Amino acid sequence: MARTVSAVANRTTADKHTLYTVPAKNTGLWNMMYIISLVGNETPKVYWYDSHTSTEYFIVGGKNLGVGEYILLSDAHVALKENDEIRVQNTGTNSTTYIATIELIPAEAIQFHS
């Protein structure tokens with residue numbers, strides 16, 4: 001049975017932060033990302049780290065957000081495997097909130113058809 005989880009972080013540093021890691025024996029469907037600048041003049045970035053290929057993919061960023069401005073990615077389905085990560089990063093020290101919603105599917109719930 002699939003279940004939906006959300007991960008949230010308020011970041012005030014420019015270091016890259018792991019927002020969420022897909023648990024072992026699960027796959028995930030990352031279907032929403034909401035980013036809001038609480039102070040302003042921030043250019044947030046979001047990445048997907050594929051743990052199976054050790055590759056990091058840039059998902060969104062490059063838009064400078066003012067106070068209260070946001071980015072909403074919905075229905076932007078990214079298939080995640082166990083141990084894959086969603087990573088976020090500010091470009092400065094302004095306060096930015098990141099929220100991701102992932103639908104988790106346990107391995108035993110996945111049926112293969114031949």
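**Note on the predicted model**

1. **Confidence.** The mean pLDDT of the protein is 92, and 95% of its residues reach 70 or more. This is a predicted model. Strand β2 (residues 17–21) has the highest confidence, with a mean of 98. Strand β6 (residues 70–80) has the lowest, at 90.

2. **Nonpolar core.** The largest nonpolar core holds 22 residues. Leu19, Trp30, Met33, Val46 and Ile102 make the most contacts inside it. Seven strands are named as suppliers of at least two residues each: β1 (3–11), β2, β3 (26–37), β4 (45–50), β6, β7 (85–89) and β8 (96–106). β8 gives the most, with four residues. In soluble globular proteins, nonpolar side chains tend to be buried together.

3. **Leucine 19.** Met33 is itself among the core residues with the most contacts.

4. **Four-stranded sheet.** The strand order is β2-β7-β4-β5 in an open sheet, and the pairing is antiparallel. β2 and β5 (55–61) are the edge strands; each has a single partner, so one side of each has no neighbour in the sheet. On average, neighbouring strands are turned by 25° against each other, direction ignored.

5. **The β2–β7 pair.** Four bridges join β2 and β7 in the antiparallel sense. Histidine 17 faces valine 88 of β7.

6. **Salt bridges.** The structure has five of them. One joins aspartate 15 to arginine 11, at 3.0 Å from N to O.

7. **Lysine 16 and glutamate 56.** These side chains meet in a salt bridge at 2.7 Å, N to O. Lysine 16 sits in the loop between β1 and β2, and glutamate 56 in strand β5, so the pair ties together parts 40 residues apart in sequence. Lysine 16 is partly exposed, at 35%. Glutamate 56 is also partly exposed, at 30%.

8. **Glutamate 85 and arginine 87.** The closest N and O atoms of this salt bridge are 2.7 Å apart. Glutamate 85 is buried because its relative accessible area is 16%, under the 20% cut-off. Arginine 87 is buried too, at 18%.

9. **Network.** Salt bridges link Lys16, Glu56, Glu85 and Arg87 in a network.

Key. Residues are numbered from 1 along each chain as its sequence is written. This is a predicted model: local features need pLDDT of at least 70, side-chain atom pairs count only at pLDDT 80 or more; totals for chains, interfaces and linings use all residues. Side-chain values use heavy atoms; hydrogens and water are left out. pLDDT is the predictor's confidence in each residue, from 0 to 100. A nonpolar core is a set of buried Ala, Val, Leu, Ile, Met, Phe, Trp, Tyr and Cys residues joined through side-chain atoms within 4.5 Å. Buried means under 20% relative accessible area, exposed over 50%, partly exposed in between (1.4 Å probe, protein chains only). Two strands pair if DSSP finds at least two bridges between them. Axes are lines fitted to C-alpha atoms, for helices over the stretch in contact, and angles run from 0 to 180 degrees between N-to-C directions. A salt bridge is a side-chain nitrogen of Lys or Arg within 4 Å of a carboxyl oxygen of Asp or Glu.
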